[in-house]
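Try each one before you read the solution.

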Amino acid sequence: MAHTTPSDEELIQKAKQGSLEAFTLLYERYLPTVYNRVRFSIPEQDIEDVTQEVFIAVIKSIRSFR
């Protein structure tokens, strides 16, 4: 039986319901993209902190995400 990777939409719905596992999968999926985007506009010493703040903001607002 083949294992299918959940879509972003499925993971978001599960994360909205409180699934830490779903949020972790989204985090792992999007960490490189967010990190690279932040890297182009933030001083090097602040990249990790700003990337972390992005994900904190996401986790705080995920229930209202549409």
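**Exercise 1.** Which element gives the largest share of the lining of the largest pocket?

Some ground rules: this is a predicted model, where local features need pLDDT of at least 70, side-chain atom pairs count only at pLDDT 80 or more, and totals for chains, interfaces and linings use all residues. Residues are numbered from 1 along each chain as its sequence is written, and side-chain values use heavy atoms, with hydrogens and water left out.

*Solution.* 
- Step 1: H1 (8-16), H2 (20-39) and H3 (47-61) each supply at least two lining residues; helices here are DSSP runs of H or I, at least four residues, numbered from the N terminus.
- Step 2: H2 takes the largest share, with five residues.

**Exercise 2.** Find the residues that make up the largest nonpolar core.

*Solution.* 
- Step 1: Look for buried (under 20% relative accessible area, 1.4 Å probe, protein chains only) Ala, Val, Leu, Ile, Met, Phe, Trp, Tyr and Cys residues joined through side-chain atoms within 4.5 Å.
- Step 2: That picks out 11 residues, among them Leu11, Phe23, Val34 and Phe55.
- Step 3: H1, H2 and H3 are the elements giving two or more residues to this core, and the largest share, five residues, is from H2.

**Exercise 3.** Is threonine 51 buried or exposed?

*Solution.* 
- Step 1: Threonine 51 sits in helix H3.
- Step 2: It counts as buried because its relative accessibility is 4%.
- Step 3: Skipping residues up to four places away in sequence, threonine 51 touches Leu31, Val34, Tyr35 and Val38, with contact meaning heavy atoms within 4.5 Å.

How values were computed:
Buried means under 20% relative accessible area, exposed over 50%, partly exposed in between (1.4 Å probe, protein chains only).
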